Amino acid sequence: MSKVTQIAHPLILHKLAFIRDKNTGSKDFRDLVEEVAMLMAYEVTRDLQTEEVEIETPICTTKCKMLAGKKLAIVPILRAGLGMVDGMLKLIPAAKVGHIGMYRDEETLQPVEYFCKLPQDISERYIIVTDPMLATGGSAIDAIDALKKRGANNIRLMCLISSPEGVKAVMNAHPDVDIYVGSVDEKLNENGYIVPGLGDAGDRLFGTK
């Protein structure tokens, strides 16, 4: 069964407060999303495999730990997921980046896939799917479906803010995918938005309506 980890670090909670604030403009919003994603990446990658290597310091030869095993891929769900990528790449610059384009039908609230471009060796990579909001869970479920159809088998989902309904939906659809969130909010409203949430993450990132 999938595991849900809420990363309630004081720095993350502090920055999430500014992200939620309706008066935070697009530039600051983008910077904050990038910073929170970078902070969350520490926890999401906590159990990456390491191997012992020998290096030479200016003083002597010593043994150190370096990453081993599967390589990483970051796969943002377009368009809002893009806002989390740069922060993660600052920590793991060698990661490949794929893209999955989803949009939500405003009447049915169901996601529609319109783009998918992934590294050719996606089946050999440890994948972190990013999206600031986990609302109904539909986009995340379909994005993970798309990854699995293309051979991915080691997937984690990383979101800034989620609803209880969205978490439950992803867990039921993909019990092998662990979920990492900064906050699990109160509920979804009748329009499928997270309460209290932060509004539309894509619009706030890119200054659109």
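Glu-43 is partly exposed, with a relative accessible area of 24%. Here buried means under 20% relative accessible area, exposed means over 50%, and partly exposed lies in between, using a 1.4 Å probe and protein chains only. Arg-46 counts as exposed at 63% relative accessibility. The side chains of Glu-43 and Arg-46 meet in a salt bridge, with 3.0 Å from N to O.

The model is predicted: local features need pLDDT of at least 70, side-chain atom pairs count only at pLDDT 80 or more, and totals for chains, interfaces and linings use all residues. Residues are numbered from 1 along each chain as its sequence is written, and side-chain values use heavy atoms, with hydrogens and water left out.

**Salt bridges**

A salt bridge is taken as a side-chain nitrogen of Lys or Arg within 4 Å of a carboxyl oxygen of Asp or Glu. By this rule there are 11 salt bridges. Three of these pairs, including the one already described, are listed below.

| Glu-43 | Arg-46 | 3.0 Å |

Glu-113 is partly exposed at 38% relative accessibility, and Arg-150 is partly exposed at 39%.

Asp-121 is partly exposed, with a relative accessible area of 23%. Arg-125, at 4% relative accessibility, counts as buried.

**Cysteines**

A disulfide is a covalent bond between the sulfur atoms of two cysteines. The rule applied here asks for a pair of cysteine sulfur atoms within 2.5 Å. The count of disulfides by this rule is zero. Cys-116 is in no disulfide, and the nearest cysteine sulfur, that of Cys-159, is 17 Å away. Likewise, Cys-159 is in no disulfide, its nearest cysteine sulfur being that of Cys-116. Cys-116 is partly exposed, with a relative accessible area of 22%, while Cys-159 counts as buried at 0% relative accessibility.
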